[in-house]
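Work through the exercises below with the structure open beside you. Try each task before reading its solution.

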Amino acid sequence: MMEPAQPKYDWGQRVRAVIDLVNDGSFPEAAEGELLVPAGGIGEIVNVGMHAEANVPVYLVEFGPRRVLGVLEDEIELDVPGAPRSAPAPADEVA
């Protein structure tokens, strides 16, 4: 059995998507393949768990009202004030 990877991020941290996050079929309010959060979208980690089979951290990130997604570490990065963004933020983003 593999040792579980330690989470890189913590609950409450502000993060941004480094890639477009599309529905893999697990988000019932959107069609499969639909864009849920564009690269650069800002969110806050609301829970940290572990993927039971892969032993990797999974983060629940709230990207907006009714937009809580499970993401992996390579799909997000810390949103550091003043750091360049991977892509423009959505126009409706609230700071």
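The model is predicted, with local features needing pLDDT of at least 70 and side-chain atom pairs pLDDT 80 or more, while totals for chains, interfaces and linings use all residues. Residues are numbered from 1 along each chain as its sequence is written, and side-chain values use heavy atoms, leaving out hydrogens and water.

**Exercise 1.** Find the strand order of the open sheet of five strands.

Solution. Strands are DSSP runs of E, at least two residues, numbered from the N terminus. Two strands pair if DSSP finds at least two bridges between them.
- Step 1: three bridges join S1 (residues 14-17) to S4 (residues 42-50); one partner pair is Arg16 and Ile42.
- Step 2: S6 (68-72) and S7 (76-78) pair on one side only, which puts them at the edges.
- Step 3: the order is S6-S5-S4-S1-S7, with antiparallel pairing.

**Exercise 2.** Describe how S5 joins S6.

Solution. 
- Step 1: five bridges link the two antiparallel strands, and Val58 stands opposite Leu72 in S6.
- Step 2: S5 and S6 form a hairpin with five residues between them.
- Step 3: in the turn, Gly64 has a positive phi of about 155 degrees.

**Exercise 3.** Which residues have the most contacts inside the largest nonpolar core?

Solution. Such a core is a set of buried (under 20% relative accessible area, 1.4 Å probe, protein chains only) Ala, Val, Leu, Ile, Met, Phe, Trp, Tyr and Cys residues joined through side-chain atoms within 4.5 Å.
- Step 1: the core has 15 residues, and Phe63, Leu69 and Val71 have the most contacts inside it.
- Step 2: Leu69 and Val71 form the covered face of S6, whereas Val68, Gly70 and Leu72 form the uncovered one.

Conventions. Helices (H or I, at least four residues) and strands (E, at least two) are DSSP runs, numbered from the N terminus. Buried means under 20% relative accessible area, exposed over 50%, partly exposed in between (1.4 Å probe, protein chains only).
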